[in-house]
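Thanks, everyone, for making time this morning.

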Amino acid sequence: MKIWLSIVVIALVPAICVASGLPRSTPEQQGVSSSDVLAFVEALDQVDAMNSVMVVRHGHVIAEGWWTPYRASARHSLYSLSKSFTSTAVGFAIAEGKLSVNDSVLSFFPEDAPVDPSSNLKAMRVSDLLRMSTGHQREPGRAGSEPWTKIFLAQEVPFRPGTHFLYNTSGTYMQSAIVQKVTGQTTLDYLRPRLFEPLGIEEPVWETSPQGISLGGYGLSVRTEDIAKFGQLYLQKGMWQGKQLLPAAWIEAATARQTSNGSNPDSDWEQGYGYQFWRCRHGVYRGDGAFGQYCIVMDDHDTVVAITSGVKNMPAVLQLVWDKLLPALKSNELPAANQAHQQLADKLQNVSVRLPDGGDKPGALLGKTFTFPANQQNLESLTIESGPGDRQVTLVTRVAGSEQRLVCSYGQWHDGHAAWGSMPRQVASAAAGWTNDRFNARVCFYETPFITTLRIEPSGDEITLNAETNVGFTQTKLPELVGKAR
């Protein structure tokens with residue numbers, strides 16, 4: 001079995017370029033103390049569960065780490081960080097003269113327009129979609145057999161567009177639909193030669209609606225370094241390797257405060273909203289997605305921070321950036337600090353998602369099969385088998401008539417494929433441990449923020465199975481199941 005470890009800052013060498021990636025450097029060469037970066041990483045490591053972090057200073061990666069089994073090579077779901085990429089596509093289309101921020105939203109979809117559109121709907125412009133000020137009181141749905149564009153346009157618009165902030169993922173979908181209307185390509189395909197290929201972002205994946213339109217507001221998956229490159233493009237005002245990809249004027253407009261979204265000076269969610277970018281405290285802006293997917297751009301400090309995670313408390317992660325990293329950004333190069341730099345490298349090489357409780361001494365459940373009455377999880381039976389390798393067990397389940405085998409290693413992660421609860425079958429890593437006779441396992445779906453914890457407790461000839469996911473949009477704890485020995 002191959003154990004994936006983090007690839008970290010290049011130690012004590014001149015800045016180099018890794019393949020099509022950003023150049024690497026030591027923190028000190030870019031005016032940051034390795035000790036301060038280490039304190040930042042150690043603080044992040046106390047958060048359950050971080051997935052990855054990359055810090056870019058003066059265009060150079062000075063720290064990068066992936067919490068095993070997360071890895072540099074794997075794409076990661078961005079959730080609403082996708083929105084910033086969608087508005088970027090709008091920016092490209094505007095630069096090419098295909099549309100304007102002042103265009104009426106209705107004008108793009110005459111076939112989906114209501115019979116008698118309201119004056120507020122008629123007044124809704126592309127700029128209102130971009131700044132989450134469509135005039136809706138509640139977000140339009142995205143379900144059913146009707147085109148999502150038609151559902152959006154049928155929604156009541158009680159407020160004058162531009163006067164009322166409402167976070168509106170359906171509004172971002174409409175931006176994606178408009179891009180497809182005016183270019184004849186999905187937002188994903190439209191961005192390939194304009195953004196993804198120039199930045200060396202390989203094999204991006206973007207889910208689509210039933211109508212074949214890139215989802216826009218979510219559904220994009222790219223790698224951590226791709227997030228950092230995207231932020232660096234914005235930091236450089238649209239310039240990349242000597243070529244102006246996106247007009248600087250668009251960058252300025254997209255990241256400026258285009259609308260008010262609150263008045264709390266201590267909240268990073270109430271500092272104003274741009275064109276699918278959030279304004280932050282400290283003069284910073286960001287794109288972000290559910291459960292802690294971040295592209296943080298610090299213009300005044302020439303710094304970009306990319307983070308992927310599966311956290312319940314998103315503000316706490318930003319607070320660590322402000323408290324630990326921001327004060328460490330100095331204007332001049334610092335003296336080399338070999339020992340501190342090595343400590344940082346060692347830390348980043350050994351960060352890991354928390355392993356399940358317990359040791360490697362099997363309990364009484366090993367080798368027994370348990371069956372379950374009908375349940376919403378469609379779990380019919382469960383067996384814990386030894387092997388196939390040393391220090392491994394295989395969790396064998398029968399779900400909806402189909403057998404699934406998940407190999408778990410003791411004390412480390414084992415790569416495979418898994419499905420559990422609402423998670424479809426996909427790449428995952430699993431680890432296990434025994435606490436006396438109780439079996440504990442964690443399944444990390446490492447292209448997503450989701451980590452499922454399983455606890456199987458024996459009681460006579462029965463077991464209780466509890467499954468819980470670290471984060472979720474609804475309930476994260478599945479109903480307890482009781483199985484009987486067969």
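This is a predicted model: local features need pLDDT of at least 70, side-chain atom pairs count only at pLDDT 80 or more; totals for chains, interfaces and linings use all residues.

Let me begin with the largest pocket, which is lined by 21 residues, with Ser 422, Met 423, Phe 450, Thr 469 and Val 471 lying nearest its centre. The elements giving two or more residues to this lining are β19 (423–435) and β22 (462–469), where strands (E, at least two residues) and helices (H or I, at least four) are DSSP runs numbered from the N terminus. A pocket here is an open set of points on a 1 Å grid over the protein atoms alone, with protein on both sides within 12 Å along at least five of seven lines, whereas a cavity is a set of points where a 1.4 Å probe fits but cannot get out; lining residues have an atom within 4 Å of a point.

Residues are numbered from 1 along each chain as its sequence is written, and side-chain values use heavy atoms, with hydrogens and water left out.

The volume of the largest pocket is about 430 Å³, a volume being the space filled by probe spheres set on grid points that are joined across faces, edges and corners. Its lining divides into nine nonpolar, eleven polar and one charged residue; Ala, Val, Leu, Ile, Met, Phe, Trp, Tyr, Cys and Pro count as nonpolar, Asp, Glu, Lys and Arg as charged, and the others, Gly among them, as polar.

How many cavities of 30 Å³ or more does a search of the whole structure find? It finds five, and the largest cavity holds about 80 Å³ of space. Four residues of the lining of the largest cavity, the largest share, come from β18.

The second largest cavity, of about 50 Å³, has a lining that includes Asn 440, Arg 442 and Arg 455, and by class this lining holds three nonpolar, two polar and four charged residues. Both β20 and β21 supply at least two residues each to it.

Those two strands bring me to the pairing, which requires that DSSP find at least two bridges between two strands. Strand β20 (residues 438–444) and strand β21 (residues 451–459) pair in the antiparallel sense over six bridges, with Asn 440 opposite Arg 455, and the two form a hairpin with six residues between them. β21 in turn runs antiparallel to β22, joined by eight bridges, and in that hairpin two residues lie between the strands, Gly 460 in the turn having a positive phi of about 65°.

Finally, the nonpolar cores, meaning sets of buried Ala, Val, Leu, Ile, Met, Phe, Trp, Tyr and Cys residues joined through side-chain atoms within 4.5 Å, with buried meaning under 20% relative accessible area for a 1.4 Å probe and protein chains only. The largest has 108 residues, and Phe 85, Leu 195 and Trp 250 are among those touching the most other members. Helix α10 (residues 314–325) gives the largest share of this core, seven residues. Apart from it lies another core, of 33 residues, which includes Val 393 and Met 423, and Met 423 is also one of the residues nearest the centre of the largest pocket.

Key:
Buried means under 20% relative accessible area, exposed over 50%, partly exposed in between (1.4 Å probe, protein chains only).
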